[in-house]
Amino acid sequence: MFGKKRINFGSAGWFLLPYFLIYFVFFFLPAISIVPMSFTEWSIIGTPKFIGLENYTSIFSDRYFVKTLSNTFIYTILVTVILTVFGLLLAILLNQKLRGRGIARTIVIMPYVISSAVAGILWRWMFERNFGIINTYLQQIGLPFVGWLSDPNIALYSIVIMNIWWSVGFNTVTFLAAIQGIPEELYQAAQVDGASPFQSFLYITIPQLKPIILYVTILCAANSFQMFDEAYVMTQGGPLGSTTTLVYKSYTEAFKSFRLGYSAALSVITCAIIIIITLVQMKANKRNDT
Amino acid sequence: MLKKYRFIASLLVLSLVLVSCASSAEPVESVDSSDDSEAVAEVPAEKTTIVFWNGVGAPENVVLTELVNEYNETNQDNVYVEEVILDWSTLYSKILLDFETGTPPDIMTIQQSGLFQNVDLGVLTDITDLMPEYGFAKEDFIESAWNGSFIGDKQYAVPLDLHPLALYYNVGLFEEAGLDPENPPATMEEFLAAAQELTKDTNGDGTTDQYGLGLAYSGGLPFRLWMSLLWQHEGEEILSGDNTAAAFNTEAGLESLEFLRDLVYTYKVIPEQEQSPDDDFMKGIVGMVISGPWSQFDFNTVDGLEYATAPLPVFYDQEAAWADSHMLAFPDTKDETRMAAAMSFASFLSDNSLTWTQKAGHLPVKLSVLESTEFKDLEKAQAFAVTLPNAHYYPSIKNESLVFGRDSNSPFVVLMESTLLNAMTPQEALNEVESMVNELLGQ
């Protein structure tokens with residue numbers, strides 16, 4: 001990539017160096033250190049005690065681990081699929097020459113500007129079961145109350161809804177930029193050949209967007225697999241552990257229960273799963289290419 | 001061109017390195033050489049500066065801040081207190097990190113329930129011998145609060161307050177419902193009757209929109225109330241005598257849990273799946289709420305909310321209510337001068353606990369303050385004061401944060417959520433949580 005322009009790489013390297021220094025010291029080193037930490041028993045105070053694989057065995061025998069894992073997977077799959085599809089559809093819509101397009105684009109990206117914690121608090125109030133605005137409207141049209149955040153069978157999906165509202169704008173903008181990068185001639189040629197708009201979409205837009213779709217799905221999957229803020233702000237992992245994700249559990253184990261080794265082991269497992277998901281996605285993409 | 005880039009880039013790197021060095025080169029006791037020029041002006045060189053962690057959380061923490069400022073302006077001890085404001089959960093994790101890296105604060109707030117764990121981890125200084133030097137004596141304090149500051153025969157904290165549960169009720173709604181606000185419910189029958197009177201459909205649309213009692217399905221309060229009900233049965237305890245096993249899976253435990261579930265599903269006097277009872281109380285949606293004295297701070301900010309307090313009704317054999325206590329503890333800094341300064345500051349806070357009570361609501365633990373006319377003038381505090389002799393702490397155990405945690409997977413949160421969301425029968429929930437607690441106690 002940089003081979004042809006060696007000279008530029010030199011100066012780029014210098015500019016990148018500060019970032020990599022910080023990345024190395026404050027991210028990479030601590031991240032790597034969780035691997036040895038995961039084989040120890042440690043409560044922050046004192047010296048970590050080596051206990052081999054005990055943390056891992058106790059994670060797998062933890063009564064809530066399977067539930068936590070399935071929560072995380074359900075959340076990741078839903079968020080990734082919906083965000084990708086919905087983001088793409090919105091991008092196509094906003095790419096049409098419609099009136100008020102500029103305003104619509106602004107509105108779509110707007111929620112993403114606020115932090116997820118603020119978005120979470122906002123939605124916590126709207127989702128309030130007895131007196132929240134959503135249920136108030138539902139009641140007015142004769143529907144029963146929904147325990148958006150208090151019903152263990154629903155809470156996780158409510159967080160999915162909130163997350164889609166909050167972050168679909170980011171995907172939309174990414175797709176929009178990519179769509180606008182597709183050469184107009186391709187569509188003109190297709191039109192000459194008599195392709196319908198849907199065929200153009202299927203055979204031009206989608207293939208042209210493939211690298212971006214891969215990028216978006218990998219990013220979505222990795223991000224949503226690490227969901228924490230939303231659960232922390234909206235449900236504290238409840239009710240009945242129905243919104244406890246792997247990262248949320250790592251957090252409570254480390255900073256509420258002070259079981260650093262156990263928490264590190266959970267993080268290692270989380271990391272391994274994310275790596276596997278990403279590899280599978282990349283592989284699937286490659287196979288489609290050939 | 002390239003040279004110029006390289007020059008700019010290396011300047012950037014250099015400045016970054018310098019900045020990070022500058023901040024890391026600051027001495028550990030940075031508080032003494034604070035670069036805040038204002039603070040420096042206020043602190044002559046010979047003053048001892050100590051760091052105080054205020055972890056009581058919003059909104060009451062502002063009252064402690066006022067007291068810190070007052071102390072800084074008036075004290076004759078030549079001490080300057082630098083305050084760091086945290087919330088409880090940050091405080092409890094940060095203290096371990098800062099202790100381990102050798103930079104703990106000199107004095108911090110702690111809850112009685114968090115004391116054993118921190119003593120067990122070796123964070124706190126034993127102050128048994130220092131207490132008399134600074135004028136602290138057992139006979140000046142409420143016995144339960146004083147005893148609560150001991151782990152074994154050593155004292156580790158200065159008790160600052162006690163905050164037991166009591167009943168809050170909305171005077172206006174009581175009157176509307178034909179109840180006598182001068183005679184708040186004191187027994188199970190009276191309580192149920194009042195709750196049922198208060199529960200009604202005020203706008204005639206066929207659904208209840210005002211409830212008797214507010215009770216969240218999650219968090220710490222529901223299980224503290226359940227424990228209070230358990231303790232109201234004679235001879236009942238949460239853990240067995242030596243705190244090594246669960247003792248709550250009994251007739252009394254079941255009866256108390258069933259009662260709370262019935263309030264939601266049989267009597268329907270509590271909104272189902274309620275999230276924020278204090279907010280609902282402030283909005284007049286629930287007529288009563290059971291909480292600690294800390295709720296007054298928020299309630300007092302609502303215009304037109306006329307409320308009163310009463311001791312927790314006696315639902316079973318005897319008076320009893322859960323309580324915790326704010327205390328001041330001293331992380332082991334191994335610095336005698338600063339320890340002395342911290343003790344002087346603690347003694348100021350203890351002497352001025354009336355301000356803490358007047359503004360933050362928490363009950364004083366010093367008998368002189370409790371008996372003062374200023375305290376007796378605080379009408380709403382009296383209901384809590386009545387409860388003091390029958391206040392119960394959590395059993396003192398070293399892994400308190402696991403057993404009595406307030407997270408989604410903490411045992412007693414599971415107990416209350418399972419029951420109040422009707423996911424398990426009370427008996428199933430008790431069995432489940434009994435095994436969870438025994439597992440944790442065995443660790």
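## Helix packing, chain contact and backbone exceptions

Helix α20(B) packs against helix α21 (residues 426–441) of chain B at an angle of about 170°, their axes lying 9 Å apart. That makes α20(B) roughly antiparallel to α21(B), a label given to angles over 145 degrees, while those under 35 count as roughly parallel, 65 to 115 as roughly perpendicular and the rest as oblique. Axes are lines fitted to C-alpha atoms, for helices over the stretch in contact, and angles run from 0 to 180 degrees between N-to-C directions. Helices (H or I, at least four residues) and strands (E, at least two) are DSSP runs, numbered from the N terminus.

This is a predicted model, in which local features need pLDDT of at least 70 and side-chain atom pairs count only at pLDDT 80 or more, whereas totals for chains, interfaces and linings use all residues. Residues are numbered from 1 along each chain as its sequence is written, chains are lettered from A and ligands numbered from 1 in the order in which they are written, and side-chain values use heavy atoms, with hydrogens and water left out.

From α20(B), the residues B:P411, B:F412, B:V414, B:L415, B:S418 and B:T419 meet B:P426, B:A429, B:L430, B:V433, B:M436, B:V437 and B:L440 of α21(B); contact means heavy atoms within 4.5 Å. This set divides into 11 nonpolar, 2 polar and no charged residues. Here Ala, Val, Leu, Ile, Met, Phe, Trp, Tyr, Cys and Pro count as nonpolar, Asp, Glu, Lys and Arg as charged, and the others, Gly among them, as polar.

Helix α20 (residues 411–420) of chain B also packs with helix α10 (residues 221–231) of chain B, at about 90° and with the axes 9 Å apart. The two helices, α10(B) and α20(B), are therefore roughly perpendicular to each other. On the α10(B) side the contact holds B:P222, B:F223, B:W226 and B:M227, and on the α20(B) side B:F412, B:V413, B:L415, B:M416 and B:L420. By class, the contact of α10(B) with α20(B) has 9 nonpolar, no polar and no charged residues.

Chain A has 12 helices and 2 strands. Its elements run α-β-β-α-α-α-α-α-α-α-α-α-α-α from the N terminus on. The C-alpha trace of chain A spans about 70 × 70 × 35 Å along its principal axes.

Chain A gives 42 residues and chain B 47 residues to the contact between them. About 3700 Å² is buried between chain A and chain B, with carbon and sulfur atoms giving 59%; buried area is the accessible area (1.4 Å probe) that two parts lose on being put together, summed over both. The interface has 2 salt bridges, each a side-chain nitrogen of Lys or Arg within 4 Å of a carboxyl oxygen of Asp or Glu. One of them joins the side chains of B:E272 and A:R129 (3.8 Å, N to O). On the side of chain A that touches chain B, the elements giving two or more residues are α1 (6–37), β2 (45–50), α5 (116–127) and α11 (246–255) of chain A. The largest share of that side, 7 residues, comes from α1(A). By class, the side of chain A that touches chain B has 20 nonpolar, 14 polar and 8 charged residues.

Most residues other than glycine have a negative phi, and most peptide bonds are trans.

| Cis peptide bond | Omega |
|---|---|
| A:G238 to A:P239 | near -10° |
| B:A58 to B:P59 | near -5° |

A:P239 is in the loop between α10 (229–234) and α11 of chain A. B:P59 is in the loop between β1 (48–54) and α3 (61–74) of chain B. A:Q236, although not a glycine, has a positive phi of about 55°, and its place is in the loop between α10 and α11 of chain A.
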